[in-house]
Amino acid sequence: MSIQNVSVISAAAILMGTSAFAGCGIAGGNVSILGNEFAAIQAVADGAKACAGDGVTVESNLNKDYRELQVAALTANPAQYSAITTTNAAIVPLLSDNLIRPLDDLIAKHGQHLSKNQLITVDGKVMAVAFMANAQHLFVRDDILEKVGLDAPETYEEVIAAGQAIKEAGLMDHPFATTSKTGWNLGEEFVNMYMGHGGQFFKPGTAEPTVNNDAGVAALNTLKALTELSNPDYLTFDSNAVQASWEAGEIALAHLWGSRGTGILDNEGSSEEIVSSTSLIASPTVGGGDIPASTLWWDGFAIASNTSDANAEASFVAMLNGISTEVVKANNDAAVWLIEGYEPAPASAGVFATAAGKTKPYPMIPFMGLMHTALGDELTDFLQGNESAEQALADVEASYIAAAKEKGFLN
Amino acid sequence: MRHKTFFWFILPSLAAMILFIALPLVSVVLQSLHIEHEQVIVVTENCGPFGCTKESSVDTEATAQLRAEQPLGRFAGLSTYFDRGHLATAEISEAWRTRDGFGDFLSELYNLPFYKALAFTLTYTFLVTPLVIVLGLLIALGVNRLPSLLKGPTIFVSLLPMIITPLIGSLILFWMIDAQGVIGKTLQWMFDDPELSLKASPALTWITLMVYGVWSSAPFAFVVFYAGLQTVNTDSLEAAMIDGATRWQQIRYVVIPHLMPLVVFISLIQLMDNFRVFEPIVGFSAQANATSLSYIIYADMRSDLTRFNSAAATSVLTVIGVAILLTPVLLRTWRDFKGKAV
């Protein structure tokens, strides 16, 4: 199904929704949604907007920089937004500053149909409702692998071997790419690889960093071997750049977000030859480990603390309408929905395979964000060959400790 | 003017300066001397679509109480200034103690984020500023000699780099220097090196950023010099010509001395502008190879775990840096001023 078809159908569904269920049974109130911007979230926000009318207003601000706004916007009293879409990483500062409210009462009243695995509970209280899953996984070009006589790789060692074989066969100069842009993206690649090696980021129960160890060094060396198979510009590659390279047929192996699957498998921006031989498979394991070197993510929504109870209730009902079975059916291919009525599509095969391999979720820890920032900033020197892996990891720990002291996590 | 009249005369601007310059500075200094409260960490069981795990979380009630007691956070004195993210005094003395030659010490120094940023910031400032002045002067002299029919269009075209928003200008160039872009591919072809990438190596990234800096700032110097050229005394120029001065000699001994005050002016503005170089780093995604003091502040503020105190300390250090940079130029202006007054 092409993008146009999906949007026509969803637009039709929304129009019907508006006429049939104006107000969604909400007594009244103002709903404003802050969220990330991609196809699935747009569908959810449009579904919530179908509740507008009869004294209910629904507005949304969908923006890929939503994380920069969220703390300030929800700290204000009354909060600038009553509902927010979030993930297992983005929710942490909201939890730490008490900016989102427990949803148990609202679920008892309106959300009995939600399945238990959609409820994000912290210390027994439901703080968010998840609606979709995401993970980075492997994209492979079957035709290229066939030319060098290799099967789809299951471990990173096989990925590296396949990349070298493709390079030596003269098929591509830089067969591999991943989101390795300095900063958040590069930090995320290390997090994936380190978890695949079985690493621990912190001493349990404390904020003390523990990344400078054998697992960290091994993770860095694997990353370096991969970047040697990447275009020399790899430190500027984000998801958009990798997707563009893939659609241009410049790469044969990519570790990329599952949410990009729809865009890569549609008939736009690429050739039939590339699309038909693209396979979405599980994230590889690494270093003899038994879980894929990736992290699982959920996207969900939460309701602001600093908003009136009436607006909170209206927001909750509107968001439930946004993640209803009808919205999911109309936008089936846009995401890996955690909602009843979802039919797994080819674009979601990679995320399912990765989750089936018992990949761990991204840690929902208050100081993980500081660690992630330190990783993203300090690993570049090693990848460029300016310093040793041990030195890079020591720099990560030192940089993290300085930040954690300032934020009050360490003394 | 009587004192009372003078006071009422400057009161509005004085009030504006206190409100918009002095108070923010006081606030930044105050924030840089504090760090956040201790966060009370508890271990909770968190569940989601992928199962349950025991993880650390912040005890929000206990932390909120600490925050209510001391809204500014904990007083930390100058400790933020001396930590690893800023002046890193402990790391430097350690590096000096265990150094293995001066080069090794320098590379250890370069490994610290503040000094890495300072190295690029200073190199950028001291290379781009003189180049902008020289290039601006050359363009101004060239345009000044054009027949008047061509002057208008040439001036317009020369000003284009200044009209384009810096971020947009750098993004356009970023895609042009991409390995697949028109400039990137041409360079690969010229140097016969398919691996050549302006974005990959630190040295080439620095050069790219500086070329961009000169490109975007030269029009400013050009406009100022061009205006100055219109005021050159034609009598002196004719006198020089009659004495048999070549064109170069006329420029060297008549035009340049006349433009000297403008050179000081442009240096002042450019030193300040270049010291806070920022947009090209974002536009060129160059943070892997080049960061500046302004970029460090931006990175601290641009996440949901904002580090206000660290950003404040870097800001104060930047203000001190600008003050040091401008001192020689300001001293010179002051001396000229005194000389004229006597």
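Student: What makes β4(A) and strand β2 of chain B count as paired?

Tutor: This is a predicted model, and in it β4(A) and β2(B), residues 41-48, share two bridges in the antiparallel sense. Two strands pair if there are at least two bridges between them, so these strands qualify.

Student: Which residue is the bridge partner of Thr121(A) in β2(B)?

Tutor: That's Cys47(B).

Student: Why is the link between Lys116(B) and Asp381(A) called a salt bridge?

Tutor: The closest N and O atoms are 3.5 Å apart. The cut-off for a Lys nitrogen and an Asp carboxyl oxygen is within 4 Å, so the pair passes. The count between chain A and chain B is eight salt bridges, and the interface also has 18 residue pairs in polar contact.

Student: Which elements of chain A supply residues to the side that touches chain B?

Tutor: Those giving at least two residues each include α3 (66-75), β5 (125-141), α16 (368-378) and α18 (389-406). The most comes from α18(A), with eight residues. By class, that side of chain A has 26 nonpolar, 17 polar and 15 charged residues.

Student: How many residues are in contact across the two chains?

Tutor: 58 residues of chain A touch 48 of chain B; each counts because it has heavy atoms within 4.5 Å of the other chain.

Student: And how much area do chain A and chain B bury between them?

Tutor: About 4300 Å², with 51% of it on carbon and sulfur atoms. In chain A, Asp233(A), Glu406(A) and Lys407(A) lose the most area to chain B, together 17% of what that side buries.

Notes. Residues numbered from 1 in each chain as written. Chains lettered and ligands numbered in written order. Predicted model: local features only at pLDDT ≥ 70, side-chain atom pairs only at ≥ 80, totals over all residues. Heavy atoms only, no water. Buried area = accessible area lost by both parts, 1.4 Å probe. Salt bridge = Lys/Arg side-chain N within 4 Å of Asp/Glu carboxyl O. Polar contact = N/O pair within 3.5 Å; in protein donor to acceptor, adjacent residues only side chain to side chain. Helix = DSSP H or I, 4+ residues; strand = E, 2+ residues; numbered from the N terminus. Nonpolar A, V, L, I, M, F, W, Y, C, P; charged D, E, K, R; others polar.
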